[in-house]
Amino acid sequence: MRVLVIFSHPASDSFSAALCKTAVDTLTAAGHETRLTDLYEQGFDPVMHAGEWRRYADPAVNRDPVADHVDDLLWAEALLFIYPTWWYGLPAMLKGYLDRVWIPHVTFDIPTETSGTRPRMQHIRKIAVVTTCGASWLISKLVGEPGRKTVLRGIRLLCHPLCRVRYLAHYKMDTSTAESRARYLAKVKRSLASW
């Protein structure tokens with residue numbers, strides 16, 4: 001499979017970075033072709049400025065500011081999002097990536113008076129999330145896990161009707177131990193090796 005890995009964490013020596021390395025190494029060892037989008041390393045600008053917003057729905061020019069990222073999306077058959085869950089949701093950098101790259105006439109068609117939103121990402125057949133959460137599983141569920149819903153419901157709706165999803169979270173990251181982190185790394189490796 002062609003797997004696009006979207007990684008969002010500011011620190012290259014973080015546990016999230018170790019998760020990203022493990023994920024890419026595991027996918028490569030399993031024979032998948034991978035492309036890594038490291039949003040911080042690449043200096044991605046998550047801010048949609050006024051001029052870009054005004055061209056957002058224009059298919060002739062809306063992909064110009066993010067053409068390389070759009071090309072990666074169109075290349076991929078699977079998506080892997082790796083990020084820390086902050087305030088129960090996506091980091092601002094990753095949310096900005098979705099705002100700027102998942103544009104109309106590429107990932108979906110804008111609804112009209114006579115038709116609803118039409119998905120355009122049917123080539124994506126798998127989506128996975130690898131994340132860490134400071135909160136416990138229970139608190140995360142009580143709040144509603146908006147980050148999880150954005151990717152596994154919102155993004156998923158634009159993909160193939162039979163697209164499979166997987167969510168791997170290390171809860172209580174703020175009080176994690178070396179042992180709990182090692183167990184989670186092993187879980188991520190096992191899960192991705194079976195893709």
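Modeller: Let's start with S191, which touches R166 and L168 once its neighbours within four places in sequence are set aside. Bear in mind that this is a predicted model. S191 itself belongs to helix 7. Its relative accessible area is 12%, so with buried meaning under 20%, S191 counts as buried.

Now follow helix 7 to its partners. Helix 7 (178–193) is one of the elements that the buried residues of helix 1 pack against, and strand 7 (164–170) is another. The rest of that list is made up of strand 1 (2–7), strand 2 (33–38), strand 3 (78–85) and strand 6 (126–133). On the helix 1 side, the buried residues are F15, S16, A17, L19, C20, T22, A23, V24, T26 and L27.

Just past the end of helix 1 comes G31, with a positive phi of about 95 degrees.

Helix 4 (residues 92–101) is mostly covered, with 7 of its 10 residues buried. Those are M93, L94, G96, Y97, L98, R100 and V101, so an arginine sits in that buried set too.

Stepping back, the chain has 7 helices and 7 strands, and in sequence order they run β-α-β-α-α-β-α-β-β-β-α-α-β-α. The radius of gyration is 17 Å, close to the 16 Å that the globule rule gives for 195 residues, so the chain is as compact as a globular protein of that length. Along the principal axes, its C-alpha atoms fill a box of roughly 50 × 35 × 30 Å.

As for contacts, among those with a separation of 6 or more, 79% join residues 24 or more positions apart. Across the chain, 47% of the 195 residues count as buried. The exposed surface comes to about 9900 Å², with carbon and sulfur atoms supplying 55% of it. On the charge side, there are 25 positive and 19 negative side chains, and the centres of the two sets lie 10 Å apart.

Notes:
Residues numbered from 1 in each chain as written. Predicted model: local features only at pLDDT ≥ 70, side-chain atom pairs only at ≥ 80, totals over all residues. Heavy atoms only, no water. Helix = DSSP H or I, 4+ residues; strand = E, 2+ residues; numbered from the N terminus. Rg over C-alpha atoms; globule rule 2.2 N^0.38 Å. Buried < 20%, exposed > 50% of the residue type's maximum accessible area, 1.4 Å probe, protein only. Contact = heavy atoms within 4.5 Å. Areas by Shrake-Rupley, 256 points an atom, 1.4 Å probe, with all protein chains shown as cover. Lys, Arg positive; Asp, Glu negative; His and termini not counted. Charge placed at Lys NZ, Arg CZ, Asp CG, Glu CD.
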